[in-house]
Amino acid sequence: MDHRLCQHADYQRVYKTSRKQFGKQIAYFHVLRGVPVAGREVARGPRVGLTVPKALGKAVDRNRIKRRLRECVRGALSLLTSDVDVILHPRRSVLTTEFAGLEREVAMIFRSVQAACDRTKNAANRAGSEVEPAQRVPAVQQP
RNA sequence: GCAGGCGGUCGGAUGGUCGCCGCCCGGUGGGCGCAAGCUACACCGGGGGGAGGAAAGUCCGAACUCCGCAGGGCAGUGUGCCGGAUAACGUCCGGGACGCGAGCGUCAAGGCUCGUGGACGGCCAGUGCAACAGAAAACAGACCGCCAGGUGGCCGCAAGGACACAAGGUAAGGGUGAAACGGUGGGGUAAGAGCCCACCGCGUUGGCAGUAAUGACAACGGCACGGUAAACCCCACACGGAGCAAGACCAAAUAGGCAGGGAGACAAUCGCUCCUCUUCAGGCGAUGUCACGUAGCGGCCCGUUACGGCAAGACGAAGGGAUGUGCGCGAGCACAAGUCGGAACCUGCGGGUAGGUUGCUGGAGCGCAUCAGUAAUGCUGCGCCUAGAGGAAUGACCGUCUAAAACAGAAUUCGGCUUACGGGCCGCCUGCACAA
RNA sequence: GCUGAUGUAGCUCAGUGGUAGAGCACUCCCUUGGUAAGGGAGAGGUCGAGAGUUCAAGCCUCUCCAUCAGCU
C-alpha cells in the first residue's frame, strides 16, 4: 500500500478538518481517515504528504528538503499504525540541520499523532455505543 | 617561475550498508482461453540504466501539433559592412572599414605591427530636434576685435600721432558650447582670407587589384557635402496565429442537449372548456373494465401488490354582464386579462467533465577515423543507445583521496544567445623576476 | 511548463530626450485661550540594477533582478 498522500482533494480534506500543530522545525496536520463509503475503495494504512512551497528556496533546495524528509519518514513510518493522513510543513532550517536531529523530530511527531489517534478512537467507541457521537472528528467522518 | 587578460576543456572520484524511478529477462499466483498460449494485474529473484554546462533566464531560431488561408498590396514587427556555413537564426567562421590600448616611427601628424571591441545600410527623398550658454546653431552670421582710405575737430614747427563719426573690408585672435563653412607650417596682405604653396583631411573622375565589402595609385577640384535614423522615415530582405497546460484516443457518476416511445380502447353517468353567465359545436377529465409502463415479491412466458398516464389541455361561434386602460363633453367605441409547454420512466444519438491512454524520446543524435575547406562546417566509413517522471525519481550514514567542493535539478525536442560558477588542465598575449 | 504586465518621495500616482512633479503623510512658523481645519515655508529621490546610443536618458535599445496576473 502506498504511504504517500497525493491527491489535491485529500490535502484539502486534511487542511479543512484539522488544526496546524508545531514542532521545532516542522509544522504538521493530521486527521483520521473516515469509514469506507459503500462502493468506494479507500486506502488502508497511514499516508504522509509533504508541502514544500516556493518560499523555502530554489528547486535544488526544495528537492533536498523533500529528500531528507522522505528519508526520515521511511525510518519512522512503523510508528503509525492507524489509518491516518499526515501533512508535514518543513521550515527552511531542515536544509542545514543534523540529520539525526531531524529523524528524532519526525519520530516524535509520529508518536504524538498516533497517541492522538488512539485517544479519539477510544472516545468514539465509548460515545458511539449509546448516543450520537458528539466529538468533532467522528462527526466529520460521516460522508 | 609569478601576476593579469582572452579562448578552450573537465564539472569530484572510489569503497561499504540501507533506500527511490523506469526498462529487460526468468519464476510463482491471478485473469482470459477447449488447448497451444496470451497478459496492461500482484509478488519474488537477477541484469542494466538514471539530471546540466549551464537543466536557469525564456531573449532569438526551428522541428512537431491544432486553427486560419483564392491571389496581390498596404499596415505592423524584426534584421541590416562583404563573403561563406546552416534546417533556420538576431548564431557561427573568414575578410574589410572604424574605435580603443600598447609598441615602433615622425619636430608633429599621417603611417607600420600586435592585441581588442561592437545592432557597422542610408541625413546628395522628405519632415523634425539641438535645453543652457553664446554675437551667431544651419541655402549662415559679426559681439569684443583688427584694418588702409574718407570727414571732423585736437596735439605737433614738421614728419606724424591719438580720438570721434559714417560707409566699408576681414574672420587671424578673444570668448560660449557637445558641435561654429577644413588642420599644421610657410608665403602673402592695409588687416586678413585656399588668395597662393607643401603635407594631411575631404570630394570628383579614371583605370588597376579583389567574388565583394574595400584598398592602394594617378589626375583634377579648391572646401562645398556639420550632428542626430537605439527621431519619424527611405532602401533591401524576412515574417499567418497560437502553443505539448498544443493536440489525438477511450470514457464513469451527476446535470443538461437532440430524436423516438410514454401519448391505447370501450360503455354509461357526472363534470370541465380560460374575467363571469347562458346556448351550441368540438374536445377532455373523473369513476369502471381491459390493455400498457415502472418498481418490488415469488424459480419462470405468468401471477400479485404499489405507483403512473399531467394545471378537469384547449381556444371555436353567438349573445348578456362586471373590471381596468385609452379616446370622447356625453351617449358610447376600441383594447385587455394568458401563455403555449408537455411529466415520471425507458431506448438511442451527439457533445463533454473527473479519470485513464497517447504525444514521450532513435535524434538536423554522440564518439572515432579518412577526405574537402584558412575556418565555421560538410561527405563517407565504423562503433554506440545515453533519464522519460506525472504531487513528479539520484537520498541518508560511514571511510579514503582531501579539506567542507562552486553555480545549480530534466518536464515535447533540438540549434544558439545571455546570466551564475569553487577548483583543475591546455593554448595565446602582456608585464615583472631569474638563468644562459 | 507556457504567456503577459508593472517597478518614480513613507503611501497613491503624473511625467512630449533638455533643472524630476501632484495629492496625502512629515518638520517648522502664523492663526487659536488650546486643538482641528486654514495659510506660509521647508525637508525628503542611487527614477529596480548594469551596459549601450546620444552633446544630454526617468523617457530610446539590450541584458539582468524583483513583484503581480492568466492558462490547468
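Mentor: Happy to, and let's keep in mind that this is a predicted model. Next, look at which side chains are hidden. Ile65, Arg68, Leu69, Cys72, Val73 and Ala76 are buried in H2. Viewed down the helix axis, the buried residues of H2 fall within an arc of 140 degrees, so they line one face. The face turned away from that buried side carries the exposed residues Val60, Arg67, Arg74 and Gly75.

Now for the wider setting. The largest nonpolar core has 24 residues, and Val106, Phe110 and Val113 touch the most other members. Helix H2 (59-76) supplies at least two residues of this core, as do strand S2 (26-32), strand S4 (84-90) and helix H3 (99-128). The largest share, six residues, comes from H3. Beyond residues up to four places away in sequence, Val113 touches Tyr28, His30, Leu80, Val84 and Val86.

One of those partners, His30, deserves a stop of its own. His30 sits in strand S2 and has a relative accessible area of 18%, so it counts as buried, the limit being under 20%. Its side chain makes a polar contact of 3.3 Å with the side chain of Gln21. Leaving aside neighbours within four places in sequence, the contacts of His30 also include Val14, Ser18, Asp85 and Ala116.

Conventions: Residues are numbered from 1 along each chain as its sequence is written. Chains are lettered from A and ligands numbered from 1 in the order in which they are written. This is a predicted model: local features need pLDDT of at least 70, side-chain atom pairs count only at pLDDT 80 or more; totals for chains, interfaces and linings use all residues. Side-chain values use heavy atoms; hydrogens and water are left out. A nonpolar core is a set of buried Ala, Val, Leu, Ile, Met, Phe, Trp, Tyr and Cys residues joined through side-chain atoms within 4.5 Å. Buried means under 20% relative accessible area, exposed over 50%, partly exposed in between (1.4 Å probe, protein chains only). Helices (H or I, at least four residues) and strands (E, at least two) are DSSP runs, numbered from the N terminus. Contact means heavy atoms within 4.5 Å. The arc is that of the directions from the helix axis to the C-beta atoms. A polar contact is a pair of N or O atoms within 3.5 Å; within protein, one must be able to donate a hydrogen and the other to accept it, and residues adjacent in sequence count only if both atoms are side-chain atoms.
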